[in-house]
Amino acid sequence: MIFAPVIRRAAYAQAPRSADMALQRFLMGTLAEPAAARAAGCTLSQDEKSITLQLDVPGLARDQLQISIEGAVVRLQSVEGAPRQVQRAWELGDDIDAANSTAKLEHGVLTLNLVRQAPVSKATALTIQ
């Protein structure tokens with residue numbers, strides 16, 4: 001076993017090490033954006049009222065894609081017999097209002113405008129007997 005003394009000077013004690021800074025940049029970049037935004041060929045933008053997903057699906061037509069929304073989960077898949085097989089799912093932070101959400105396919109780019117559902121109070125009043 002080899003023991004080596006560690007010399008630490010006061011000048012270096014105040015400045016963060018480059019490895020620490022690189023790790024911090026990586027973690028902040030990875031954790032700052034949602035998982036849906038990190039997927040290849042997919043961009044995500046959001047505001048208080050809606051979430052917009054743009055996904056590259058070249059070679060597929062409107063009738064070859066199926067989109068389903070269940071609570072906060074959005075699923076996209078291609079139908080059987082389509083020239084390409086696509087199967088993706090996103091779990092978003094808020095429930096989605098499927099009635100007011102839209103999907104548009106132009107030039108191989110599918111744009112999903114997902115409207116966030118307004119929070120509804122589920123509290124019930126009980127009568128005292």
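Q: What is the bridge partner of Leu55 in strand 7?
A: In this predicted model, Leu55 is bridged to Leu110 of strand 7. A second pair on that strand is Asp56, which stands opposite Val109.

Q: How do you know that strand 2 and strand 7 are paired?
A: Seven bridges join strand 2 (residues 50-56) to strand 7, and the two run antiparallel. Pairing calls for at least two bridges between two strands, so the seven bridges found here meet the requirement.

Q: What makes strand 6 and strand 7 a hairpin?
A: Two residues lie between strand 6 and strand 7, and seven bridges join these antiparallel strands. At least two bridges are needed for a pair, so strand 6 and strand 7 count as paired. Glu106 has Val109 of strand 7 as its bridge partner. His107, in the turn, has a positive phi of about 55°.

Q: Why are strand 1 and strand 6 called edges of their sheet?
A: The sheet is open, with four strands in the order 1-2-7-6 and antiparallel pairing. Strand 1 (42-46) and strand 6 each have a single partner strand, so one side of each lacks a neighbour in the sheet. From one strand to the next, the twist averages 15°.

Q: What is the strand order in the open sheet of three strands?
A: The order is 3-4-5, with antiparallel pairing. Strand 3 (65-70) and strand 5 are the edge strands, as each pairs on one side only. Neighbouring strands of this sheet are turned by 10° against each other on average, direction ignored.

Q: How do you know that strand 4 is paired with strand 5?
A: Five bridges join strand 4 (residues 73-78) to strand 5, and the two run antiparallel. The rule asks for at least two bridges, so the five bridges make this a pair.

Q: Why is Thr111 called buried?
A: The relative accessibility of Thr111 is 18%. Buried means under 20%, so Thr111 falls in that class. Thr111 is found in strand 7. With neighbours within four places in sequence left aside, Thr111 is in contact with Thr52, Leu53, Gln54, Thr102, Ala103 and Lys104.

Q: What makes the Arg116 and Asp94 pair a salt bridge?
A: The side chains of Arg116 and Asp94 meet at 2.9 Å, N to O. The limit is 4 Å between a side-chain nitrogen of Lys or Arg and a carboxyl oxygen of Asp or Glu, so the pair qualifies. Arg116 is in strand 7 (residues 109-116), and Asp94 is in the loop between strand 5 (87-91) and strand 6 (96-106), 22 residues apart. By this rule the count comes to one salt bridge. Side chains of opposite charge can pair when their charged atoms come close.

Q: Why is Asp94 called partly exposed?
A: Asp94 has a relative accessible area of 32%. The class lies between the buried limit of 20% and the exposed limit of 50%, so Asp94 is partly exposed.

Q: What is Gly71 in contact with, leaving aside its neighbours within four places in sequence?
A: Gly71 is in contact with Asp94, Asp95 and Ile96. Gly71 is found in the loop between strand 3 and strand 4. At 34% relative accessibility, Gly71 lies between the 20% and 50% limits and therefore counts as partly exposed. Gly71 and Gln117 are 46 residues apart in sequence and 9.2 Å apart in space, C-alpha to C-alpha.

Q: What makes Leu23 partly exposed?
A: Leu23 has a relative accessible area of 48%. Exposed would mean over 50%, so Leu23 remains in the partly exposed class. Leu23 sits in helix 2 (residues 18-32). Together with Phe26 and Leu27, Leu23 forms a nonpolar patch on the surface, with about 300 Å² of accessible area for the three.

Q: How many helices and strands does the protein have?
A: The protein has three helices and seven strands, and along the sequence they follow the pattern α-α-α-β-β-β-β-β-β-β.

Q: What part of the 129 residues is buried?
A: Buried residues make up 22% of the 129 residues. The accessible surface comes to about 10300 Å², and 54% of that belongs to carbon and sulfur atoms.

How values were computed. Residues are numbered from 1 along each chain as its sequence is written. This is a predicted model: local features need pLDDT of at least 70, side-chain atom pairs count only at pLDDT 80 or more; totals for chains, interfaces and linings use all residues. Side-chain values use heavy atoms; hydrogens and water are left out. Buried means under 20% relative accessible area, exposed over 50%, partly exposed in between (1.4 Å probe, protein chains only). Patches are made of residues with over 30% relative accessible area and no salt bridge: like charges are joined within 9 Å, nonpolar side chains (Val, Leu, Ile, Met, Phe, Trp, Tyr) within 5 Å. Accessible areas come from the Shrake-Rupley method with a 1.4 Å probe; for residues, only the protein chains shown count as cover. Axes are lines fitted to C-alpha atoms, for helices over the stretch in contact, and angles run from 0 to 180 degrees between N-to-C directions. Contact means heavy atoms within 4.5 Å.
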